[in-house]
Amino acid sequence: MRFSFRTSLLALTLISPLSASALKAQSNPGVNQPAMSIEARLRQDLSGIEDVPLEAEIRALGHDATAALIVIADDANAVPFLRLRAISCLSWSSGNRASTYLRNVLRVEQEPMRLRAAIRAYGTREGARAMRAIAAHGQHADGAVREAVYTALVSIQSAASTTAAQRTQVQRTLSRLLASETDADLAQRIRSAP
């Protein structure tokens with residue numbers, strides 16, 4: 001099949017404006033395109049390899065971030081690391097809904113990776129108020145979950161907002177859990193942590 005010069009010129013004339021508008025739309029994504037929802041934006045941001053949302057970005061989104069992060073964390077069709085990152089980011093989101101969600105995960109979750117993420121996030125979010133809910137997993141069969149419990153308790157103990165009485169209570173809980181720890185290396189690592 002052979003095209004004449006005139007046919008080729010006509011095709012280029014017709015295609016050029018379409019290509020130019022497509023390039024313009026790509027270079028200026030806010031023009032003539034619907035706004036991305038907070039959930040879609042968070043999914044995209046949480047999927048990044050190096051660039052993931054920072055604490056300030058999550059806090060700036062307010063309550064909307066909390067709702068979107070919970071939807072992502074509960075999405076059984078999402079890739080596991082995306083769900084874990086959503087749980088972790090709940091430590092920075094605003095409102096009581098994030099605390100309630102994390103407490104519920106601690107109460108019912110069986111999967112160790114999600115449980116670890118919830119332990120860390122809840123400890124960071126609630127400080128000394130999270131101690132009992134976190135310590136309840138100190139006898140978990142998975143060593144990584146127990147390690148998350150210990151490191152969360154150590155972080156709570158060293159937080160500036162923790163009172164002297166709370167520090168004593170955390171230390172007693174941590175000592176009790178470490179006394180029954182079956183992994184001697186893990187217990188030693190926690191005891192020698194700064």
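Predicted model: local features only at pLDDT ≥ 70, side-chain atom pairs only at ≥ 80, totals over all residues.
View 1. Residues are numbered from 1 along each chain as its sequence is written, and side-chain values use heavy atoms, with hydrogens and water left out. The protein chain has 11 helices and 0 strands; both are DSSP runs numbered from the N terminus, a helix being H or I with at least four residues and a strand E with at least two. Of its 194 residues, 36% count as buried. Buried means under 20% relative accessible area, exposed over 50%, and partly exposed in between (1.4 Å probe, protein chains only).

**View 2. Confidence along the chain.** The average pLDDT of the protein chain is 84, and 81% of the residues score at least 70. Look with care at residues 5-33, where the pLDDT is below 50. Beyond near neighbours in sequence, this stretch has 2 contacts in the model, a contact being heavy atoms within 4.5 Å.

**View 3. Helix H11 and its buried side.** In helix H11 (residues 184-191), you can find Leu186, Ala187 and Ile190 buried. They sit on the same side of H11 because they cover an arc of only 100 degrees around the axis; the arc is that of the directions from the helix axis to the C-beta atoms. The exposed residues Ala184 and Asp185 are on the face turned away from that buried side. Among the parts that cover the buried residues of H11 are helix H9 (143-158) and helix H10 (164-179). At the start of H11, the backbone nitrogen of Asp185 has a side-chain oxygen of Asp183 within 3.1 Å.

View 4. Glu147 and Arg189 form a salt bridge, with their closest N and O atoms 3.5 Å apart. Glu147 lies in helix H9 and Arg189 in helix H11, so this pair ties together parts that are 42 residues apart in sequence. Both partners are partly exposed: Glu147 at 28% relative accessibility and Arg189 at 44%. For a salt bridge, a side-chain nitrogen of Lys or Arg must be within 4 Å of a carboxyl oxygen of Asp or Glu.

View 5. An α-helix has 3.6 residues a turn, so residues three or four places apart point the same way. Glu55 is partly exposed at 36%, and Arg59 is partly exposed at 47%.

**View 6. Arg43 and Asp75.** A salt bridge joins the side chains of Asp75 and Arg43 (3.0 Å, N to O). Asp75 is in the loop between helix H4 (63-74) and helix H5 (80-89), and Arg43 is in helix H2 (residues 38-46), so the pair ties together parts 32 residues apart in sequence.

**View 7. Arg114, a buried arginine.** Arg114 is found in helix H7 (residues 112-126). Its relative accessibility is 10%, so Arg114 counts as buried. Leaving aside neighbours within four places in sequence, its contacts include Asp74, Tyr101 and Glu109.

Notes
Polar contact = N/O pair within 3.5 Å; in protein donor to acceptor, adjacent residues only side chain to side chain. pLDDT = per-residue confidence, 0-100.
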